[in-house]
Amino acid sequence: MRQHLGIGRDVLLAVGVTALLLSLPATASGQPAVTFLSNGDEISGWEWLRDPGGCAYGTWSFWGTPTGEALTITFGLLATDGVNGGPGVDAQAWVTVGGIESDAPGPAILGPTLLTFPNVSAPDDPVGYTTLGTATVQAADLSPTMQGIWVLVERRAPSGEVLPVDIAVDRDAVTVTGLAGMLSELSASPAPSASSVPSVPAT
């Protein structure tokens with residue numbers, strides 16, 4: 001298991017979102033560009049959020065302009081009830097969504113909210129960790145000047161309580177529909193300050 005540094009969680013998230021904003025990849029036209037970062041435990045290409053303190057997280061930036069419709073965010077996470085745990089477990093996660101404005105992460109427009117994603121593993125799945133669910137951001141909550149959205153998934157509640165279910169994320173575990181005009185270039189901009197990232201408890 002990775003060792004986690006004794007750094008304030010808000011600092012870790014600020015660094016993480018900064019890295020996302022500075023690492024926009026080129027993608028095929030018509031698809032939102034995506035950046036992903038996690039400080040979980042990497043196993044077979046998945047980042048497991050399972051530390052006792054709930055400091056591990058996954059965060060994504062989806063670059064594109066709102067189409068005028070609601071955004072649908074689809075989550076395909078893995079979930080189990082502990083290390084080498086059993087199948088058939090629903091995923092639970094605290095999810096926060098915010099807009100990207102002027103090349104920087106804006107405040108939350110959804111959450112943090114506790115979501116449950118049901119296990120959808122096939123009966124013959126030898127692992128049985130697959131879950132699936134969605135969240136919606138209404139069009140009225142989206143600024144027409146947005147450059148995209150960021151999504152944060154974590155196990156720790158704003159109160160500090162940590163969910164008992166282990167979950168795993170990767171770059172493709174979260175997808176978004178309702179963004180268009182994929183941005184292939186960003187102007188140079190300073191790194192966002194910690195105050196521009198959602199407020200979270202320190203470790």
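1. Ser-38 contacts, leaving aside neighbours within four places in sequence, are Glu-47, Leu-49, Tyr-57, Gly-58 and Val-169. Contact means heavy atoms within 4.5 Å. The model is predicted: local features need pLDDT of at least 70, side-chain atom pairs count only at pLDDT 80 or more, and totals for chains, interfaces and linings use all residues. Numbering starts from 1 along each chain as its sequence is written, and side-chain values use heavy atoms, with hydrogens and water left out.

2. Ser-38 sits in strand S1 (residues 33-38). Strands are DSSP runs (E, at least two residues), numbered from the N terminus. The residue is buried, at a relative accessible area of 13%. Buried means under 20% relative accessible area (1.4 Å probe, protein chains only).

3. Tyr-57 pairs up with Ser-38 in two ways. The C-alpha atoms are 5.6 Å apart, across 19 residues of chain. The Ser-38 side chain also reaches the backbone oxygen of Tyr-57 at 2.7 Å. That side chain reaches the backbone nitrogen of Gly-40 at 3.1 Å.

4. The largest nonpolar core has 31 residues. Such a core is a set of buried Ala, Val, Leu, Ile, Met, Phe, Trp, Tyr and Cys residues joined through side-chain atoms within 4.5 Å. Phe-75, Ile-149, Val-151 and Val-153 have the most contacts inside it. Strands supplying at least two residues each include S4 (57-63), S9 (104-117) and S11 (148-154). S8 gives the most, four residues.

5. Val-153 touches Leu-49, Tyr-57 and Gly-58, among others, not counting residues up to four places away in sequence. Its contacts also include Trp-60, Phe-75 and Ile-167.

How values were computed:
Buried < 20%, exposed > 50% of the residue type's maximum accessible area, 1.4 Å probe, protein only. Polar contact = N/O pair within 3.5 Å; in protein donor to acceptor, adjacent residues only side chain to side chain.
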